[in-house]
Structure formats: C-alpha cells, structure tokens
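Hello,

Here is the structure I said I would pass on. My notes follow below it.

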Amino acid sequence: MITVFPYLIAQNLLELFGVDFQRIYNERGGMQREQLKVISKYKVLTGAKSNAYKTIRRLDKSKNKQSIDFAANLKNTMAGTISNEVMDSLANSKKADEIMVKWLPSSATEHRVNHALQYGKTMSIKKARKLGLGVDYGCQCGMQIISGDKHIQNELKKINRGK
Ligand SMILES: [Zn+2]
C-alpha cells in the first residue's frame, strides 16, 4: 500500500530540483540569480516562488533582519506551498471521489491536537484536505491510500516531473 506525506514530497522535490535555501536570499531584498534560474525551471514551483518573494519582502522590512534565518523561513514557505499544492492536485483531480485515505501521524516532533484526533481514521481525500492534512501551516501528517492507488501514482508522477 502506498503512503503519501505531502510535506515530505515537497521537501524531496525541492532537493531533487536543486533548490539551495542557503543561497536564495541575496541580502538586497531579492533572490540570487542562480537560484532563481533553478526555481523558475519548474512549473510546479511557481506558487512556491511567488510565496518565497512575499516572505523575502516581509522579512527584509523587519528591524531585526540580521538575526533572521532567511534560509529556514524560505524552506518553510516553499515546502508548505508545495505540500498544499500536492494536496490540491490530488483532492481536485478527476477521480478524487474514488480516493479513500487513512490519516497517518505527523512526522514532526510536535503534534497538532486537531490533527491527532484524526490519526487512524479513514475518509475521502477531499475530507482529509478540508480538515487540513498537508494544508495547515507546518503540517507533516501523512496518509495511507486505501483506494485509488493508481490514480494517486499518476498524479505523483506528474508532480515529480515538475509539472
Ligand atoms: Zn498534520
């Protein structure tokens, strides 16, 4: 049976595509050209790119800018955006109604109470998304695919190609 952890998929994609968080911010309110080139190559990173810019703009205005870990913030923003999009593309896909999932505990050290209440429950992927699986900020929960494996695999293949 397949398991899907949207946040881990997002992190793996960013690594696979060669995004280097330490080298994104250029210290002048923008992105380093080399990383921007990497990020712009993949359609699947479009949303992550625009949210990365928003994060940079917000952090750059901060008074204690020197003490901010830009790399960590950009990683959270970009991985979170992609995790969200992975969930969207799975839950909005044509055959989403056939996809049933079992909610799996978060891989993060901290567990969210309202997510922990869902651990082990089986539901449609649409409902899991509505309840915040892979969508709520910082969520690292996963799901075991109970039905609709093939469909999930097809969608994930597309995502892995950067589309
Ligand atoms: Zn969660």
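Which residues of helix α1 (residues 6-16) are buried? They are P6, Y7, I9, A10, L13 and L14. Buried means that 20 or more other C-beta atoms lie within 10 Å of a residue's own, exposed means 12 or fewer, and partly exposed is in between, with C-beta atoms placed from the backbone. Because these residues cover an arc of only 160° around the axis, they are on the same side of α1; the arc is that of the directions from the helix axis to the C-beta atoms. Their cover includes β1 and α4 (70-91), where contact means C-beta atoms, placed from the backbone, within 7 Å. On the face turned away from the buried side, α1 carries the exposed residues E15 and L16.

Before going on, two notes on the source. This is a predicted model, in which local features need pLDDT of at least 70 and side-chain atom pairs count only at pLDDT 80 or more, while totals for chains, interfaces and linings use all residues. Residues are numbered from 1 along each chain as its sequence is written.

After α1 comes G18, with a positive phi near 85°. E27 is not a glycine, yet its phi is also positive, about 70°. E27 lies in the loop between α1 and α2 (33-40) and is exposed, with 9 other C-beta atoms within 10 Å.

The sheet is open, with 4 strands in the order β1-β4-β2-β3 and antiparallel pairing. Helices (H or I, at least four residues) and strands (E, at least two) are DSSP runs, numbered from the N terminus; two strands pair if DSSP finds at least two bridges between them. β1 (3-4) and β3 (122-124) are the edge strands. Strand β2 (residues 100-104) is joined to β3 by 3 bridges, and M100 stands opposite S124 in β3.

Regards

Definitions and conventions
Two residues are in contact if their C-beta atoms, placed from the backbone, lie within 7 Å.
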